[in-house]
Every structure is written in structure tokens, then in C-alpha cells.
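Please read the notes below alongside the model. They go through the strands and then the helices.

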Amino acid sequence: KRVCKSSNRINRVGVEASNERAHNLRNHHDDKGTNNNNNNHYHHYQATNNGNNNNNDNITTATTNESTTTTTTTMGNDKEDHILHVMAQGQIRVAVLGNVDAGKSTLIGTLTQNTLDDGNGSSRQCVLKYPHERASGRTSTITQHFMAFNDKGETIVLPKGNKIAGKNYYTQGDLAAQAHRTVSLMDLAGHEKYFKTTVHGLSRGMADYALVLVNASQGMTYMSHHHLQLVQMCGIPAIVVLTKMDAVPGRDVIQHTRRTVTEAIRTTLGKKRFAIRGSADIDRVVVADPQLSALAPVVEVSCVTGHGLDLVRRLLHQLPPRRRHFQKMSRPLEVLLEDTFQVPGVGLILSGFVNAGRIEKGGTMYLGPLKNGTYIKTMAKSIHVAQTSVDQAWAGHSACFAVNLTKAQRKMLTHHQTKKKGMVLLGQEPTAPVYGFTAEICLSKGDSTFIKGQTNSTIHILHVKTACRLVDFDTMAGNGTTVVLRPGQRATATFEFLQGPQHVRKGMRVILRDGHVRGIGIIRALHHHKF
């Protein structure tokens, strides 16, 4: 009502008063932006958004000064294009693993907030998600946290306490609008009972690199070896970070830790340890082995004293993106869905990773597969990337989609008895559902065996986590009469999905898990019939 009265009052005063109001508004934003060009761009965009959200103010501005409307529209489009580019081609995704007390959440909080820890876990309070995590200090879920760098490689940290659009916090889009490079840090659980969550997060995370944290006072633990083995199976280059250097009791302890880490890197990863002690070492790594195919950098840090944190930031800034998502933009749309949730006044929201193709607001998509193998035809009402409303998204983006569904469809997708995980959004009408697959697998060393027709296992295929049954297999040695597949053997095995059809493709990586990781493979054939 106040806006409508203000608009009518301006129209009664006349064109002269309206011109004066527009002139004062421009001067107000110019004064805000004189200190920093990036802040000027940011505040100008916020004024544009506020104007677009109010039809009366927008009409008044367009009537009084046509050039102002043209300028604000251009600035808004420039910011959206910059955010979309930075969040796809200019971003690397880094998984953070380590033992339960290695300091993963503390390191992420220190890096993202650009503040030191007080030694009692103050940095991790802004990272942990649930109250029981804050109380115990143990991560039990998969969370992602955002870092931004300017063109000089400096960490961008927006000031706290300023209100934007009535809120006391900044969004990821506010950081991305000023960033030249972004890093998404994925905080994974370290406790052994949450290992299945860690495997699922690493499988679906599309990580370019992995930070494997080792407590400098403890050295390589049982879970540290499992984490190194996991990143090796997933083909993700590892960077080892020795944490809590300020708490090491003696020189002999850190020397023992360095020896055990070097041995683990040689035996598990098959690489050579490369100690990072200065900026020159980072330059050598980036030039000699940018994909980290032969070297495993080792950095020693302390979140309390700040020792080594600048080296970690510089390394994350200089490492190139390893996954070439932009090469998949010509393929049909494929969005790997990770979560669904309801927003009052908006409806059902689907969040996931755009693995291929491009989608525009208002575009047609197919959601599924459901438990019966069918797909739902829907439409993207709105798209958000980096907590910012955009008109499109393409391969490499983590995005949220508000979709157009009926009440019965929304209930089916959200109810705990009917909802199904591992679904996708496709741009083309899908073919027949997949009920099983044949893959070339290799079992890891351990104490578990696979029996033909009897063994059930949990598999991870990107975002898909489901139970499957070993139907048949032929060993690579040519002995087709055996019924037991033992650790260390290679075979061509056929699996059946036990929880309905899934969306998989040839060439996808398969992780077999039974408590711990038991094997890995590559899909070679799909089966569209029920077993």
C-alpha cells in the first residue's frame, strides 16, 4: 500500500519531481560504490532487483528516465552471466576426507571464513549442520561449502552484519558475482559408522580433487587407509594435509607421521610424495603435473596458528579443473537429482547436478524413473544456481528447479513410502527402463566373497545408491564353472537391481560396498528386461 501511495503521489507532483527522485537514487548508489568497483556492481544489481520486484516503482523509473532502465537491465544480465560462468567453468569441486578427529570441518570453516580457530572448535560451528553434530563435533551428513577467489588469488570474504534484501547474510551468488575462481568444499563424515555416507558423497560429488586429512599426532589410522583406497578407486587425485601441527608433542612423532604417510602414498596410491613448503613448490607441481597423476602433494597446516593455510589456499586457486563438463553441453539434458523438498508458496523443489546438456526456464523435462519404470513429464518454472535466480543452467552447475506437478505427483515424490532416490531429469523422452547391468569388476583385498546367485550388495553409480544381486559372472581367467568370486579376482559380472529400475549408462563407474568398499567396475552392457 505504501508503494502504491508513493507512486500515485509522484504522478501527482509531475515529471519534475519524478526526475529528481531518479536523480537522487542514482547518486545514492554512486556514493555507495565509490570505494570498490565490485561493491558498486553488487549494490547496483541489488537496486535493480528491488526495482524489478515492485511493478509500480519499475513503471515510474521507466517513465522518468528510459536510460536508467536500460542500464539496470544490462547490469543484471552481466551479473547472471558471470555467476553462471564462474559456477561451471571457473569452479573446482574438492572432497574433504579424513579420520574422525582429523579436523575436516575445522579446516573448511577456517578456509571459508578466513578466520583462525580458537582450539575448541569455533571454526566448525559455522560448518556443522545439525545440533547433534555441534554437540559431538562429528559430521554425519554431506554438506558443501563455498570459497571464492579474486583475480589476484585472494580469498573473498564479504563483511558480516550488512542487510541485503532484508536478510542478515550473503548468498553464494553474492560471492560468485565478485569471484574469478570458486571452490566447492564437500565435507564428508569421518567416523567408521558413517562410512557409507562418505562413499555415497564421493560417488555423486563429481570431485576434481580430494583433500585427505591426517592428524599429525596420530599418523595413518585404519580409516585413513580406507579413505586413500576409496579416492584411488574413484580415480580422484589426492592431496594429503597433515593437520593440528601446533599440537604435535615432539619431533619424533611428526617424523614418524611423515614416514607412514609417504609409505601409504607409495603403496595405496602408487604415487610419489611431494612436500609443499612454499609457493615455489606449488608452482612446480602445477607446471610439472597439473592433474596430479604421478605426484601427491603433502601440506602441513594448523588452524590455530595459521601455519600452512596460505599454501592450501594458493594450491586450491592454482589447480585446474579436472572434469571437462563444458564438453558435454551438446548432449541431451541429464540432471542427477540429489534431494527433493517442499517450499511454502513455491511447491516441489528438485536439487541436483547438471551432468550434461542445457536447460532454460520453461523448458520441458522428464522426471524419473519411478518404481514402475515410468517418467513424469514436467516443466521448469524457475531455476536457481548459487542461490540466485537465473534463466538457464548447463553442464557443470549444481542447480535447484521448481517444477510443475500435480498434487498427487508431489505427494508421491515426497512421501517416505513412495518416493524414490536416484532419479534424474532428462531433456528427451527416455527409452526402456534399466533393470540390471553387466560390468567388468575387480574385487579388493579383504575377507568377503561373492557367491553366484546368492550375494546381495550395495552399489554406488554416481548419485544412485541401491541394493543389487549378483546374478552370474565369468572370471577373467576363463574358468566359468566356479560359483565363488574371491578377493583380488577380476570378472565380468551381471547384477540385478532389487529396488526398481535405475537410470545408468554404459561406461559409468560402479562401486561395490558391503560394510567397506569391496570392489569397483565399469558398466559394459545394460539389461532392459526383468530377471
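1. Two strands pair if DSSP finds at least two bridges between them. Helices (H or I, at least four residues) and strands (E, at least two) are DSSP runs, numbered from the N terminus. The model is predicted: local features need pLDDT of at least 70, side-chain atom pairs count only at pLDDT 80 or more, and totals for chains, interfaces and linings use all residues. Residues are numbered from 1 along each chain as its sequence is written, and side-chain values use heavy atoms, with hydrogens and water left out.

2. A hairpin is formed by β8 and β9, with three residues between the strands. Within this hairpin, G345 has a positive phi near 85°. Strand β8 covers residues 334-343 and strand β9 residues 347-356; nine bridges pair them in the antiparallel sense.

3. Strand β8 also pairs with strand β16 (residues 424-426), again antiparallel, over three bridges. Which residues are the bridge partners of V335? In β9 the partner is V354, and in β16 the partner is L425.

4. A barrel is closed by six strands in the order β17-β22-β20-β19-β23-β24, with antiparallel pairing. On average, neighbouring strands of this sheet are turned by 45° against each other, direction ignored. (Axes are lines fitted to C-alpha atoms, for helices over the stretch in contact, and angles run from 0 to 180 degrees between N-to-C directions.)

5. F437 has F495 of β22 as its bridge partner.

6. Helix α9 (residues 195-204) lies across β19 (456-461), β20 (464-475), β23 (509-514) and β24 (516-527). The direction of α9 is at about 35° to β19. Helix α10 (residues 222-233) also packs on the sheet, where it touches β23 and β24 and makes about 20° with the direction of β24. Contact here means heavy atoms within 4.5 Å.

7. How do α12 and α13 pack? Helix α12 (residues 279-288) and helix α13 (residues 309-318) meet at an angle of about 25°, with their axes 10 Å apart. That makes α12 roughly parallel to α13 (angles under 35 degrees count as roughly parallel, over 145 as roughly antiparallel, 65 to 115 as roughly perpendicular and the rest as oblique).

8. On the α12 side the contact is made by S279, I282, D283 and V286, and on the α13 side by L311, R314, L315 and Q318. These contact residues divide into four nonpolar, two polar and two charged. (Ala, Val, Leu, Ile, Met, Phe, Trp, Tyr, Cys and Pro count as nonpolar, Asp, Glu, Lys and Arg as charged, and the others, Gly among them, as polar.)
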